[in-house]
Amino acid sequence: MADSASQVLLGSGLTVLSQPLMYVKVLVQVGYEPLPPTLGRNIFGRQVYQLPGLFAYAKHIVKVDGRVGLFKGLTPRLCSSAIGTVVHSKVLQRYQDAEQAEPGANKKEHVSSLEQVLKETSREMVARSAATLITHPFHVITLRCMVQFIGRETKYSGTLSAFATIYREEGILGFFAGLIPRLLGDILSLWLCNMLAYLINTYALENGVSMAEMKSYSQAVTGFFASMLTYPFVLVSNLMAVNNCGLAGGLLPYAPSYSSWLDCWSQLHKEGNMSRGNSLFFRKVPAGKRYVWEERRFR
C-alpha cells in the first residue's frame with residue numbers, strides 16, 4: 001500500500017512538472033500556431049525560417065493567460081495519473097498473487113530469457129491497457145481543456161461539469177474518443193521496446209544480463225526509438241479526442257470532421273503531418289505551405 005502511495009506521489013509530481021510541455025505539445029499537434037515564423041539559424045548555422053519553440057510558445061501562453069494558464073487541464077490529468085498508477089500496480093499484483101498460488105510455485109523451473117520477456121511484456125501490456133481504458137475519459141477532458149485556449153472557450157471549465165457535458169452531447173462513446181489508436185500505440189511501443197532490448201542484450205552484448213538490467217537497456221536504448229515509430233498513433237488519438245467536440249480547435253479550419261481514426265490518419269499522411277508536434281525545438285516551416293495570420297495556422 002505504501003509502495004503504491006509513493007508511486008502515486010511521484011507520478012503526480014512528474015505530471016505537474018511536465019504539464020506546460022504537454023500543453024504546448026497538444027496545441028502544436030492540433031495545428032495552432034499563434035506566432036509567425038522567424039528567421040533564425042539551424043544547427044549548421046544556415047539561415048532558415050523557424051517556428052517558435054517550446055519556450056517562445058509557453059511565453060505566449062503566459063502573456064495571454066498568466067503563469068497559471070500553463071496548467072490548464074492539470075486536475076483531470078492528475079486524476080488520470082493517480083488512478084492509472086493504482087490500476088496498473090493492482091493488475092500486476094494480481095498476476096503475482098496468482099503465480100504464487102499455483103501448485104509448486106516455490107519450485108524453481110528453468111525458463112528461457114525469451115519466455116521470461118514474453119511473459120513479463122504480456123503482463124505489462126494487460127496492466128497498461130487496463131489503466132488506459134479506465135483513465136481515458138480523464139485524458140479526453142484534459143485535451144479538451146487545453147484546446148479551449150484556441151477559441152477562448154470555457155465549455156470544459158471543471159472536471160465534473162466536463163463529464164456531464166460530454167455525456168449529454170456525445171453519450172458514453174464520447175469518453176472514449178481516440179481510445180483505439182492510443183491503445184494500439186501503447187501496445188506497439190511496449191512490444192517494440194522490450195523485443196528490441198531483448199535482441200540487443202542477447203545478440204549484441206557478450207555477457208548475459210538480468211531482467212532488471214534488460215529493463216534499463218530497454219528504457220535507455222529502445223524506448224526513444226519505439227516512441228518515435230509509434231508517435232503517429234499518439235497524434236491521431238489526441239486529434240480524435242478533440243475532433244468535432246464543439247471547440248474551435250476541433251473544427252475547421254484546424255481540422256475537418258473525421259469519420260474515424262483511420263480517416264484522420266489518412267488525411268494527416270496525405271498532408272505530410274504525421275510528425276506534427278513530435279519536436280518542440282528547431283521546428284521547421286512546413287514545406288509548400290504558407291502562414292495565415294488570421295487563422296494562426298499553415299495551409
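**Figure 1. Glu-169 pairs with Lys-155 in this predicted model.** Glu-169 forms a salt bridge with Lys-155 (a side-chain nitrogen of Lys or Arg within 4 Å of a carboxyl oxygen of Asp or Glu). Their closest N and O atoms are 2.8 Å apart. The pair links distant parts of the chain, 14 residues apart. Glu-169 sits in helix α5 (residues 159-170), and Lys-155 in the loop between α4 and α5. Helices (H or I, at least four residues) and strands (E, at least two) are DSSP runs, numbered from the N terminus. Glu-169 has 44% relative accessibility and therefore counts as partly exposed. Lys-155, at 26%, also counts as partly exposed. Here buried means under 20% relative accessible area, exposed over 50%, and partly exposed in between (1.4 Å probe, protein chains only).

Two notes apply to every view. Residues are numbered from 1 along each chain as its sequence is written, and side-chain values use heavy atoms, with hydrogens and water left out. Because the model is predicted, local features need pLDDT of at least 70 and side-chain atom pairs count only at pLDDT 80 or more, while totals for chains, interfaces and linings use all residues.

**Figure 2. Glu-33 forms a salt bridge with Arg-283.** The closest N and O atoms of this pair are 2.3 Å apart. The two residues lie 250 residues apart and link distant parts of the chain. Glu-33 is in the loop between α1 (2-30) and β1 (38-41). Arg-283 is in strand β3 (residues 283-284). Both Glu-33 and Arg-283 are buried.

**Figure 3. Arg-128 and Glu-124 pair within helix α4.** They form a salt bridge, with the closest N and O atoms 2.9 Å apart. Four residues separate them, about one turn of the helix. Arg-128 is partly exposed, with a relative accessible area of 36%. Glu-124 has 18% relative accessibility, so Glu-124 counts as buried.

**Figure 4. Asp-65, Lys-72 and Arg-152 are linked in a network of salt bridges.** Side chains of opposite charge can pair when their charged atoms come close. The salt bridge count comes to eight.

**Figure 5. Helices α3 and α4 cross at roughly 155°.** Helix α3 spans residues 74-101, and helix α4 spans residues 113-151. Their axes come within 8 Å. Axes are lines fitted to C-alpha atoms, for helices over the stretch in contact, and angles run from 0 to 180 degrees between N-to-C directions. The two helices are therefore roughly antiparallel (over 145 degrees).

**Figure 6. Helices α4 and α8 cross at roughly 75°.** Helix α8 covers residues 231-242, and the two axes come within 9 Å. The helices are therefore roughly perpendicular (65 to 115 degrees). Residues of α4 in this contact (heavy atoms within 4.5 Å) include His-136, Leu-143 and Arg-144. Among those they meet in α8 are Ser-237 and Ala-241.

**Figure 7. Leu-118 in helix α4 is in contact with Trp-191 and Met-195.** That list leaves aside neighbours within four places in sequence. Leu-118 and Trp-191 are 73 residues apart in sequence and 8.9 Å apart in space, C-alpha to C-alpha. At 34% relative accessibility, Leu-118 counts as partly exposed.

Definitions and conventions: Angles under 35 degrees count as roughly parallel, over 145 as roughly antiparallel, 65 to 115 as roughly perpendicular and the rest as oblique.
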